[in-house]
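Could you look through the notes below alongside the model? They are set out as numbered points.

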Amino acid sequence: MRIFLLSPARASGQRMGYLLRPGASFELARQFQQGSAPLGELFQFASGLYFRGKLTYARKFGTALVIAPGFGLLEAATQITPVDLRAMGNVPVDLADDRFRVPLERDIRLLPRAVEVVLLGSIATGKYADVLLEALGERLLFPKKFVGRGDMSRGGLLLRAAQAGVELDYEPLKGAVRHGKRPPRLQRP
């Protein structure tokens, strides 16, 4: 069994505004405003290709847990209210901020020891990787093909792998090359 940790969506304020706008006519916004909606669906709407790729891939090959600022790790299917989403938006993704770091550390310690943990997020910066590495060490893996790729390229790579039913190769993040030469562009399908 694998657990995939999905870094939070880089949501545009405008896209989040659509979800919260009174009178919004699309189904996800109506569902959300009337009570709640799945965290994964909200982040997918807000950020587009990259989060959609992460979510699709994680659901295809294991369990998807989202790094939710201020909440720690939440299953992608967790129902989130507008109050919850606003609270997440008020917590910076910054390991120096206890509001972000403490809930994340708490939930990392609760992960079963017998599972592989794969980070589907930026490996080039320490904003997620450092706290995860400290807690998980060699157990923290990442897709080797992430090195040198930007967000959109990683999202496209994950979507294509999920659609083909072919899992990517992983390696431990500890000691890995986290910055590299940009790989060739993905070919259009």
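The points below go from the basis of the model to its sheet, its helices and its core.

1. This is a predicted model, in which local features need pLDDT of at least 70 and side-chain atom pairs count only at pLDDT 80 or more, whereas totals for chains, interfaces and linings use all residues. Residues are numbered from 1 along each chain as its sequence is written, and side-chain values use heavy atoms, with hydrogens and water left out.

2. The secondary structure of the protein chain comes to 8 helices and 8 strands, these being DSSP runs numbered from the N terminus (helices H or I, at least four residues; strands E, at least two). Of the 189 residues of the chain, 48% count as buried, where buried means under 20% relative accessible area, exposed over 50%, and partly exposed in between (1.4 Å probe, protein chains only). Among contacts between residues at least 6 apart in sequence, 72% join residues at least 24 apart, contact meaning heavy atoms within 4.5 Å.

3. An open sheet of 6 strands runs in the order β4-β3-β1-β6-β7-β8, with mixed pairing; two strands pair if DSSP finds at least two bridges between them. The edges are taken by β4 and β8 (170–172), each with a single partner strand, so one side of each is left without a neighbour in the sheet. From one strand to the next the twist averages 35 degrees.

4. Strand β3 (residues 63–68) has 5 of its 6 residues buried, so it is largely enclosed by the rest of the structure. Its pairing with strand β1 (residues 2–6) is parallel, over 4 bridges, and L5 stands opposite L65 there. With strand β4 (residues 72–75) β3 pairs in the antiparallel sense, also over 4 bridges, and L65 stands opposite E75 in β4. The two strands β3 and β4 form a hairpin with 3 residues between them, and G70 in the turn has a positive phi of about 85 degrees.

5. Strand β7 (residues 140–143) pairs with β8 in the antiparallel sense over 3 bridges, and the bridge partner of P143 in β8 is Y170.

6. The axes of helix α4 (residues 49–61) and helix α8 (residues 151–164) come within 7 Å and cross at roughly 30 degrees; axes are lines fitted to C-alpha atoms, for helices over the stretch in contact, and angles run from 0 to 180 degrees between N-to-C directions. That makes α4 roughly parallel to α8, since angles under 35 degrees count as roughly parallel, over 145 as roughly antiparallel, 65 to 115 as roughly perpendicular and the rest as oblique. Residues making the contact include L49, Y50 and Y57 of α4 and D151, M152 and L158 of α8.

7. Helix α3 (residues 39–47) is mostly covered, with 7 of its 9 residues buried, among them L39, L42, F43 and F45. The residue following α3 is G48, whose phi is positive, near 85 degrees. Leaving aside neighbours within four places in sequence, F43 is in contact with P8, A9, M16, G48, F51, V66, I67, L85 and M88.

8. In the largest nonpolar core, of 61 residues, F4, L6, F43, Y57, L120 and L132 touch the most other members; such a core is a set of buried Ala, Val, Leu, Ile, Met, Phe, Trp, Tyr and Cys residues joined through side-chain atoms within 4.5 Å. Helix α7 (residues 126–136) gives the most to this core, with 6 residues. This helix, α7, lies across β1, β3, β6 (116–120) and β7, running at about 135 degrees to β7.
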